[in-house]
Every structure is written in structure tokens, then in C-alpha cells.
Amino acid sequence: AVVSTQSTGRTEYTMKVKLVFTRHGETNNNVTHTINGHHDSPLTAAGIRETLSGAPYLQQYDFTWVYVSDLGRARDTLYHLGLKGAVEPRLRDRNFGRFNGCPYGQYAKEKKMVLEATADVECEPPSVETYKELCNRVGSAIRETVARACELEGMVEEVRVLCVTHCSPTRCSAMVLAPYATVPFPENLRTQKIPNNSVTEYLITAGQDGEIEHVELLKFASTKHMLV
């Protein structure tokens with residue numbers, strides 16, 4: 001979009017970026033409350049069915065770019081969505097260290113002990129990736145994508161980007177983009193439920209320097225697009 005600035009007499013440019021995050025389909029580990037993290041687990045029959053039911057909604061966007069986590073459950077979800085994309089390791093799930101592949105209760109017990117000892121929600125048991133660390137890598141992927149979109153100024157009206165990823169990176173996308181919004185995002189983003197196959201959508205406005213200027217949250221962890 002072209003914006004004329006009367007005060008300076010200069011013509012400035014902005015780019016609109018529709019950014020969509022979707023979580024992978026249900027896995028066996030999701031059913032058994034086992035941490036996936038950097039481990040993997042196959043999609044369940046229900047997970048595949050729900051992915052297929054939501055595919056028409058995502059296919060309608062005719063995405064400019066599609067990115068997918070390098071973990072198998074995300075790549076399998078992309079396949080069942082009927083889309084193709086580039087692998088982006090920065091979209092992989094949170095690294096739970098020695099708790100990867102363990103029952104969630106084991107991590108929760110140690111997290112509670114750390115919280116009681118430090119009173120700092122950011123602190124984690126040894127080897128577990130913090131939300132700050134996760135937000136840094138997810139945020140770098142988002143900002144790089146927005147800057148790349150601005151290079152298409154004048155060629156397209158809007159750049160549409162899909163990220164097929166996981167629960168924690170989706171939370172972090174909101175944590176990274178919330179400061180740019182005028183309408184507040186949901187509170188306590190790091191604990192918000194992100195259902196399997198849910199979609200979170202943003203409309204990002206970026207300046208001609210490639211920097212994010214404003215963000216509108218269009219949907220958050222919505223499953224209304226699924227047909228079953």
C-alpha cells in the first residue's frame with residue numbers, strides 16, 4: 001500500500017502480511033499426556049481426520065509462503081493439509097530437555113519446585129528451553145519473514161504466510177507480536193490452551209524499512225474452521 005505523508009511530502013510504503021499459525025494434528029503422545037517436545041509421535045486417526053476437515057479453510061488462502069517445523073508431526077500435518085512448504089527449524093516445538101518423551105507430570109512436578117524456590121516463572125529445570133529463548137527464535141523467524149515480505153512491495157497487495165508448528169511456538173508468536181497491537185491480546189499467553197489443528201491469525205502492517213509497525217489479532221487458537 002502507498003501512503004502519502006503530507007508533513008514530509010514523501011511517499012511511504014506499507015506492506016500487509018497475513019500470518020497464520022496452525023498447530024499439528026493430535027498425536028499418540030497428546031492422548032497419553034506425554035511431552036512431545038523435540039521427540040516425535042505419529043498422528044492419531046482422529047488427528048488426521050481433523051486435519052483433513054480443516055484443510056479447505058487453509059487452502060483457500062493461496063499462501064505466498066508456507067513454512068513447517070522440521071519435526072515429523074508437523075510435516076505429516078502439512079501433508080494431510082494438501083500443501084507444500086519449506087522446513088523452518090525455528091518453528092520446532094519447545095525443547096523440554098530430559099523431559100522430552102516423558103509424562104507431563106514429571107516436568108510439572110519439577111517446574112513447581114523451581115517456581116517455589118525462585119518465584120520466577122521464567123526459570124525452568126535444567127536443560128529445559130525457557131519461553132524467553134523460544135520467543136527469541138520464533139520471533140527471529142517472524143521478523144525475517146515480514147522483512148522478506150516487504151521486498152515484494154508493489155508486486156502484491158498482501159503477503160500470506162502459513163506456519164505449521166506446535167503449541168508453544170504458537171503461544172510465543174502471540175507473545176512476540178502483542179506489543180505491536182492496540183487491542184490487547186488474551187492474558188497469560190504462556191498458559192493459553194492451543195488445541196490441535198487450531199489456527200491463530202494476525203494481520204501485520206510493516207513499514208518500507210521492513211519493521212513491524214502494527215498487529216491485529218484476527219483469530220486466536222480457533223477451531224471453528226474444522227468441519228467435524
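The protein chain holds six helices and seven strands, where helices (H or I, at least four residues) and strands (E, at least two) are DSSP runs numbered from the N terminus. Read from the N terminus, the order of elements is β-β-α-α-β-α-β-α-α-β-α-β-β. The radius of gyration of the chain is 19 Å, close to the 17 Å of the globule rule for 228 residues, so the chain is as compact as a globular protein of that length; the radius is taken over C-alpha atoms, and the rule is 2.2 Å times the number of residues to the power 0.38.

The model is predicted: local features need pLDDT of at least 70, side-chain atom pairs count only at pLDDT 80 or more, and totals for chains, interfaces and linings use all residues. Residues are numbered from 1 along each chain as its sequence is written, and side-chain values use heavy atoms, with hydrogens and water left out.

Along its principal axes, the C-alpha trace spans about 60 × 45 × 25 Å. Of the 228 residues, 50% count as buried (under 20% relative accessible area, 1.4 Å probe, protein chains only).

Helix H2 (residues 45-59) packs with helix H3 (residues 72-81) at an angle of about 60 degrees, the axes lying 8 Å apart; axes are lines fitted to C-alpha atoms over the stretch in contact, and angles run from 0 to 180 degrees between N-to-C directions. H2 contributes Ile 48, Thr 51, Leu 52, Ala 55, Leu 58 and Gln 59 to the contact, and H3 contributes Thr 77, His 80 and Leu 81 (heavy atoms within 4.5 Å).
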